[in-house]
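Me: I would like to learn how to read a model of this kind. Please take me through it feature by feature.

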Amino acid sequence: MQKQSTETRKEKEARNNQDAKKELVKLGYEVIEDINKGKNPHIELSVRGLSNVIYDKESKTLALGDKTAQRFFFNVAHSKKFLQTLEIAAICKTLLDVSKHASLRDVFYMAKRTIPNTRINVVDEQTESDKAIEDLELITGYSRENLNVNANKMGSVAGKVIVEDAGDTIDWSKLGSGGWSIPSNVENIKFKKVDAKYVIYMEKAAVWERLHEDKFWEKQNCIIMSSQGQTTRGIRRLLQRLSTEHKLPIYVLADNDPWGWYIYSVLKFGSISLAHMADEMAISDVKFLGITCDDVINYDLKRHFIKLTDKDISRLKQMQNYEWFAKHKGWQRQFKMMKDFGAKVEIQALSSKGISFISEKYLPDKIRKQELLD
Amino acid sequence: MAETTKAEELAKKQRDISVSEFFEKNRHLLGFDNKRKALLTAVKEAVDNSLDACEEADMLPEVNVELIDMGNDRFRAIIEDNGPGIVEAQIPKVFAKLLYGSKFHRLKQSRGQQGIGISASVMYAQLTTGRPAKIISKIGPDKPAHYYELKLDTANNKPLILKAEEQEWDKPHGTKVELDLEGSYLKGPQSVDEYLKEVAIVNPHVTITYVNPKAEQIIFPRATDKMPKQPAEIKPHPYGVELGMLLKMLGNTEYRTLQAFLTNEFSRVGPGTAKQICEQALVPPNTHPKKISRDDAEKLINAIKNTKIISPPTDCISPIGEELFEKGLRKEVNAEFYCAVSRSPAVYRGNPFQVEVAIAYGGNQPAEGTINLLRFANRVPLLYQQGACSIYKSVTQTNWKPYGLSQSNGALPTGPVIIAVHIASVWVPFTSESKEAIAHYPEIINEVKLALQEAGRRLQTYVHKKHRVKNQLERANLFERYIPEVADSLSRITGESKDKIVKKLNEMIKKSDIQQAIMEMETLKGEVDEDTSTKASTKAANGSENHDED
């Protein structure tokens, strides 16, 4: 049964790759058609950004609206992006042709070159090629994994779980101090054994190492997962699969600041820039564990306040106004408290109570009392 | 006792100071502060006089200026004109007596005002080199030329005639002045060279031949044979009269009643207005002017202030005119765009005045740094004390950003621009006798600003158009560079021929942007500077040689 489904998944991937390639070729011919007609060549794509993001109250996820924009070649403001989009499309087409995978960084270097007789580079920074890939996801309707582009591996996981990946069997509890590093594409992983009550996902690798050293996952019978900074797609997809396939609650542990809270927002509702993939990525069951402003008071962390910067404050305001937070009393209360504090606190501030305070007291208490924000 | 002794002692030291002695000690008041400025002032005074004389005699001026370096910081300045000449008896007084002249006692637009200039130059020459001024003047083809060597008796403000004789001079008429004086010659913004160039800008009817101390000859040819309109002499307007002047006029008048005095000695005062002033002041209109007391005169001044009197006539002003101001600038400054604005005459304190502005943009002028501001009063360039001048104030208070120039707060704008401002008036209110800066009258500042704004708007139209054309070319250029790249990507995606795509895209670009840009380019004349590189590459990429707009 399980075997069959894996094969279906592989087949599905192959089919997706073929379809994605067709979409790329279609895009190319649409542009050529414009040129043949003597029309200003253009690419049409959905608008990304808050203005075109719809919050679906029923599924509680973000979705992309139907605003579209046109990118013209004969328009000074557009022409470089137009070129970038087509160039990255050509690169993806080549990758699919030879069935090889490349990282985002690889794609950047494949596209980067200087246009003859100018000092203009096709792409100057990786963000430009990354954006072009996101655009292609919108245009083709397929994720970048289907275009054979992978994100960098950035996360670690540990727990009493056994999986099968690329023919190898891996026990997440027997991987030393580093844990298992999460691949960028987790579609083909097969769960063979999952023995855990819940998953804690944290934004900081340092905190993960602390919990791993304390064998927190063994004592509490859970899975601990981390990334460095923003949550990568591989991690999000893995969390989603643990949530849907194994019905495990997912708890988020992040800094007490607007950026940490946004990590939770992305996991739960989807991200604004990737709203087109929200249905694949959003995990509506995820809950926020800490650090909340109440924790700051309850655990006496005010001594470790860091003053909010102007940037923090404006980010806080933006989040307050997001539709999915606007009517959420619990979160509005948190936003207001932070505003009143005028300060933020890092997770590691808990270490002032003792190096293992977080694993021995803070987390077990919070989970036992179910002090969670939805 | 001691006090009287002291007073007596002091009394022994107190005596008359002659005007010449005063200026000898205060030469900076007349523009002889330093050697460089002294050379400029000497030339300036002589040239101003020549031009005034020619214009009054309705003769197209031709002025020769020659500076000879005699070593040891000494220069011989020779200024020669083709003017009406000076009658023999007047020559010593004109050149060697301070405050002697025809221009002080009248209200008429002219370069000189007080009759100090040229005699001060003579005095300065005499003080620094001990040599007399040599003057030769001839008033008509069949008249003899008179030659004088003159010094100034500084104690008595009287001419000392060292030599006087008749001489042969092949000119039909004219005057030539030769002065040996201490000075220093440097080129640059406050040099004789710059001064003469600016004279040529605001006096397009003048031809100047100039030989500088390096023996380089520069000719500033005239751009028009049309003489400027002869400015009319006017009587003072009551609003511009102060108590002292009123008392003096009352004392000097030939009229025997106050009413006749008011109606005849002032402009814009009729019998009705005169009566109104008298009633206001409670002075009977038939009072003899000479019998009016100081108190009554003060009452009259106040009465004038409270009486509505129409503005003075403005036909007494002779502006350069938009067309000629632009022509003048065009012949002396290499730029790509010129425009000029003449305002209608206006009035400050009863004195009519008129503001004109000309702008030259681009060309060889450096794009970095502040603009070059040229100031003129009655067709005379003002080279010193820019910061103290109301023209400077007006320019800095105008917001130039909308007109396409960058400007930091309260400073001159920056850009490749010359802004020339001319103020013509029967009485230009200078801040000092050296006539370097114009006083801050709100009416004047306001008029200058309005003229600047008008000129600014014309500049803006040009600058914006230029930007647009430049952008269009850059854009076309940019697209041309991108086309092979896009075609390459498309060919890799679809397998279609790259060359075919390149060809088709190039056809599209030729049709629209480049053509449009080149057409606009041709309407902008003299467009040569910074766009050449863009144009060249456009042409190369285009493979067409038929757009040779340079």
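**Strands, helices and cores**

Reply: Start with one bridge: B:Asp69 has B:Phe75 of E2(B) as its bridge partner. This is a predicted model, in which local features need pLDDT of at least 70, side-chain atom pairs count only at pLDDT 80 or more, and totals for chains, interfaces and linings use all residues. Residues are numbered from 1 along each chain as its sequence is written, while chains are lettered from A and ligands numbered from 1 in the order in which they are written.

Me: How many bridges join strand E1 of chain B to strand E2 of chain B?

Reply: Two strands pair if DSSP finds at least two bridges between them. Strands (E, at least two residues) and helices (H or I, at least four) are DSSP runs, numbered from the N terminus. Here, 7 bridges join E1 (residues 62–69) to E2 (residues 74–81) of chain B, and the two run antiparallel. They form a hairpin with 4 residues between them. In the turn, B:Gly71 has a positive phi of about 80°.

Me: Which strand do 8 bridges join to E2(B)?

Reply: Strand E6 (residues 174–182) of chain B, again running antiparallel to E2(B). In that pairing, B:Ile79 has B:Val177 as its bridge partner.

Me: What is the strand order in the open sheet of chain A?

Reply: The sheet has 6 strands in the order E10-E7-E13-E12-E14-E15, with mixed pairing. E10 (180–181) and E15 (287–290) stand at the edges; each has a single partner strand, so one side of each lacks a neighbour in the sheet. Inside the order, E12 (residues 198–202) and E13 (residues 222–226) of chain A pair in the parallel sense over 5 bridges. There, A:Tyr198 stands opposite A:Cys222 of E13(A).

Me: How do I check the span of helix H4 of chain A?

Reply: The expected span is 1.5 Å times one less than the number of residues. H4(A), residues 126–140, has 15 residues and reaches 21 Å from first C-alpha to last, close to the expected 21 Å. Just after H4(A), A:Gly141 takes a positive phi of about 80°.

Me: Is B:Lys291 buried or exposed?

Reply: Count C-beta atoms, placed from the backbone: a residue is buried with 20 or more others within 10 Å of its own, exposed with 12 or fewer, and partly exposed in between. B:Lys291 has 9 C-beta neighbours inside 10 Å, so it counts as exposed. B:Lys291 lies in the loop between H9 (271–281) and H10 (294–306) of chain B. By contrast, the buried residues of H4(A) include A:Ile133 and A:Leu136. In chain B, 43% of the 550 residues are buried.

Me: Which residues touch the most other members of the largest nonpolar core?

Reply: In soluble globular proteins, nonpolar side chains tend to be buried together. A nonpolar core is a set of buried Ala, Val, Leu, Ile, Met, Phe, Trp, Tyr and Cys residues joined through C-beta atoms within 7 Å. The largest has 106 residues, and those touching the most other members are B:Ala42, B:Val43, B:Val122, B:Val357, B:Ile359 and B:Ala420. Helix H3 (residues 35–56) of chain B gives the most to this core, with 10 residues. A second, separate core of 60 residues includes A:Trp217 and A:Ile223.

Me: How many residues does each chain bring to the contact?

Reply: Two residues are in contact if their C-beta atoms, placed from the backbone, lie within 7 Å. The contact takes 24 residues from chain A and 17 from chain B. Helices H1 (2–37) and H2 (79–98) of chain A each supply at least two residues of the chain A side.
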